[in-house]
Amino acid sequence: MPKQGSSNPQTVAVVLAAGQGTRMRSSRPKPLHAVGGRPMLSWVLDAAGDAGCTSIFVVVGHRADEVRQVVEAMRDEGDPPVAFVEQLEQLGTGHALAQAESHVDPKATILVLSGDVPLVRPATLRRLADAAAEGWGAMATATLEEPGSLGRVLARGDDADRLERIVEARDASPAELAVHRINAGLYALPAGVFDDLRRVGTANAQGEIYLTDALGLAAADGRTIALVELEDPSEALGVNDRHDQTRVHQRLVRRHLDQLMADGVTILDPDRTTVEPTARVGTDTILHPGVSLLGHTTVGSGCILHQGAWLRDVRLADDVEILPYSVLESCEVRSDVAVGPFGRVRPASVLLEGSRVGNFVELKKTILGRGAKASHLTYLGDSEVGDGANIGAGTITCNYDGKNKNRTEIGAGAFIGSDTMLIAPVRVGERATTGAGSTITQDVPDDALAVGRARQRIIPDWTERKARGEKDG
Ligand code: UD1
Ligand code: CA
């Protein structure tokens, strides 16, 4: 995505992601739990980068090394640099931010983000930076029907867009709890906040150093902290437990589906369709209920994906039809191809233009030629099928000898009879034919017929002879 410059060239982000996230009840660090197909922290980092941050500091603590490794592996060229700041003990959000003090340019605007609020949009961060430039600081708020355990935002009596203080749900009075305006955990602040943090105590229900209290102190000093109300309140959804994770995942997917529909994709039942935000779909493609497009899948235009099509990291060209309940992974499908129903295309396979993969056909590391057909009950592994070849029902490439995977080559225009066993390595020539039921152990020359099966015998009156106790004819 192109980076859009922020209004302040010196905007940096500090992402708080050191907490243990106990309520996830997980052996995995919370920032690495996936939403929308990627670790939740990566969404926050991307939003910071797209908002124009020149550098990003991630405060890590719990299982810091794992978090660092995953983040480093995910950085792309052109992303702003990410540095890690360790918070050895998790003493609260204020304490977490304080750890970044020596790293941050004192003149910079600091976007303080939560590693567990992944729906944040770059435009919101730019709005926060702009609002902060007008006064001292800014924070994002949302008005929720069910504010739950989120911090309640109390505005000044004389100005509903200016902060007075934030009270955590656990510390709130019944009257404060009844407030529906919540703290989204997204802020734009000057480096002066580090001075306020030094004044914050721990007299609260959790005995922690709250970042929110530093803002209360700043407001009490008469400094202006603008309250920036989110247009889309769901942006404030944080992930504290598995319920939150599901909700946020679904929001991310739904956001992507809405964008796809706006761009000309038909999605018949969005509630039963998953297109991970990393996947792309072209115009005039139709997605039936129960389709899953995962990872870096790209679908061309004019395709039809029927119920239960499951694709991960697949490239589909234009005008492809995927019939119900087909599973495709890490493969490439060129234009005018049909797969399924119940097709299975495994990694490193390429289906060339106009080819056809039918019912209960499995392909692995196989190139299927232009217009070639494998329509029924077939396994093709480590093989190359020439243009226009026809693979009969029940054909199997016997590619594994117990030690090695061996290759099968089938020439253009070849006709493989039903129930042919191709004992690899083996080559069937162009326009060659194999008889139905053959076990092919030797190469077949171009244009030849190969039959490798026992000749049929007829034993007349067998029923009677069996009854008489005869053994064989
Ligand atoms: C926080 C806010 C709350 C707000 C909510 C929005 C405070 C005190 N409360 O509550 O007002 O409504 O976010 O989602 O700030 N973290 C650290 N180190 C720590 C503690 C936390 O890095 O010592 C990180 C966590 O990993 C997390 C983020 O800070 O990514 C927020 O912490 P969390 O404990 O989830 O705060 P909330 O209770 O959600
Ligand atoms: Ca949280």
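Asn240 is partly exposed, with a relative accessible area of 22%, where partly exposed lies between buried (under 20% relative accessible area) and exposed (over 50%), using a 1.4 Å probe and protein chains only. This is a predicted model, in which local features need pLDDT of at least 70, side-chain atom pairs count only at pLDDT 80 or more, and totals for chains, interfaces and linings use all residues. Residues are numbered from 1 along each chain as its sequence is written, chains are lettered from A and ligands numbered from 1 in the order in which they are written, and side-chain values use heavy atoms, leaving out hydrogens and water.

**Calcium ion**
- Asp116 (OD) and Asn240 (OD1) coordinate the calcium ion (ligand 2) at 2.3 to 2.5 Å; donors are N, O and S atoms within 2.8 Å of the metal (3.2 Å for Na, K and Ca), and because water is not among the atoms, sites may look incomplete.
- Asp116 is buried, with a relative accessible area of 17%.

**Helix 7**
- Seven of the 10 residues of helix 7 (residues 211–220) are buried, so this helix is largely enclosed by the rest of the structure; helices (H or I, at least four residues) and strands (E, at least two) are DSSP runs, numbered from the N terminus.
- Among the buried residues of helix 7 are Leu211, Leu215 and Ala219.

**Backbone**
- A cis peptide bond joins Gly340 and Pro341, with omega about 0°, and Pro341 sits in the loop between strand 24 (338–339) and strand 25 (343–345).
- Asp461, which is not a glycine, has a positive phi near 50°, and Asp461 counts as exposed at 56% relative accessibility.
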